[in-house]
Amino acid sequence: MTENILEISNLSVEVSGRIVLKDVNLKIAEGEVHVLFGPNGSGKSTLLMTIMGFPAYKVLSGEIIFKGRDITNLPINERVKLGINVAFQNPPAIRGVKLREIIGHWTSNVRETENLLKKVNFSPELLDRDVNLGFSGGEIKKSEILQIMAQKGDFLMIDEPDSGVDVENLKIIGRAINDMLRDRSGLIITHQGYILRFINAHVAHVILQGTIVCSGSPTKILTQILTEGYGWCYKCPMRRRIERRETETNS
Ligand SMILES: Nc1ncnc2c1ncn2[C@@H]1O[C@H](COP(=O)(O)OP(=O)(O)OP(=O)(O)O)[C@@H](O)[C@H]1O
Ligand SMILES: [Mg+2]
């Protein structure tokens with residue numbers, strides 16, 4: 001039987017005094033790639049930040065099991081050591097830290113770094129600039145992919161790798177991600193699904209107002225969302241089951 005690399009049960013999370021995730025349940029089997037869809041502000045990035053362990057994301061209830069181990073209260077560096085990596089939607093600029101220093105921390109020699117740069121067609125000149133400072137939107141996305149390629153974790157969370165990326169670079173980024181995911185597991189957030197042209201995703205989920213309400217085939221769910229919008233997800237039979245359960249629990 002396939003093992004689950006990640007198991008999230010009944011997870012509720014508060015950020016800045018607001019409950020953003022409510023009763024999230026998610027299982028990702030070893031070797032699977034899952035996609036997360038959801039409207040703006042529905043809690044997608046919050047879920048990734050919580051799995052990564054950022055302290056601002058306060059777990060109110062539930063648990064996160066990674067490779068069979070409860071990591072709900074583990075600090076970020078321990079989660080990275082276990083193999084969890086994230087490519088951020090909006091990574092901060094880091095004044096005074098060169099991208100070369102970060103990449104060099106994860107790679108063993110110059111040749112390895114050069115090979116990674118080639119894979120995402122990344123300008124070596126950017127390595128000697130402060131991380132993300134004055135980088136273009138596309139350069140930031142490529143820098144994020146470069147960093148997770150260098151880290152070599154085995155569970156990759158990638159937040160909107162396709163937003164603001166031109167058609168040629170989308171192909172480059174898509175192929176690089178697909179290459180990484182061949183022998184890894186992952187969770188990818190996308191709005192329009194452009195990145196899915198290059199990635200073999202197994203399962204998709206829809207999150208609405210902080211709860212995963214629907215799961216199924218990535219192609220089917222994306223087609224429904226693109227044609228009918230998220231209104232379709234509110235009508236999803238799976239969502240009705242969840243609501244019935246909530247009513248039963250509350251009565
Ligand atoms: N640090 C924070 N402080 C206050 N509110 C926050 C914080 N982080 C997230 N939120 C709120 O939580 C909600 C979910 O945010 P999140 O970034 O997870 O959305 P998202 O689904 O990733 O949206 P998008 O598609 O726009 O990226 C939003 O209403 C957001 O304003
Ligand atoms: Mg987001």
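**Figure 1. Contacts of Ile145 in the predicted model.** Leaving out residues up to four places away in sequence, Ile145 touches Ala87, Val120 and Pro161, and also Ile173, Ala176 and Ile177. The structure shown here, as in the other views, is a predicted model.

**Figure 2. The largest nonpolar core.** This core comprises 58 residues. Ile145 is among those with the most contacts inside the core, together with Val24, Phe37, Met157, Ile177, Ile188 and Val206. Of these, Ile177 is also one of the residues that Ile145 touches.

Figure 3. When neighbours within four places in sequence are set aside, the contacts of Gly138 are Gly164, Val165, Asp166 and Asn169. Phe122 lies 16 residues from Gly138 along the chain, and 10 Å separates the C-alpha atoms of the two residues.

**Figure 4. The shell around ligand 1.** Around ligand 1 there are 14 residues, of which Ser16, Asn40, Lys44, Ser45 and Thr46 come nearest. By residue class, the shell is made up of nine polar, three nonpolar and two charged residues.

**Figure 5. Helix and strand contributions to the ligand 1 shell.** At least two shell residues come from each of β2 (18–29) and α1 (44–52). The most are given by α1, which supplies three residues.

Conventions
Residues numbered from 1 in each chain as written. Chains lettered and ligands numbered in written order. Predicted model: local features only at pLDDT ≥ 70, side-chain atom pairs only at ≥ 80, totals over all residues. Near = placed C-beta within 6 Å. Helix = DSSP H or I, 4+ residues; strand = E, 2+ residues; numbered from the N terminus. Nonpolar A, V, L, I, M, F, W, Y, C, P; charged D, E, K, R; others polar. Core = buried A, V, L, I, M, F, W, Y, C linked by C-beta atoms within 7 Å. Buried ≥ 20, exposed ≤ 12 C-beta atoms within 10 Å, placed from the backbone. Contact = placed C-beta atoms within 7 Å.
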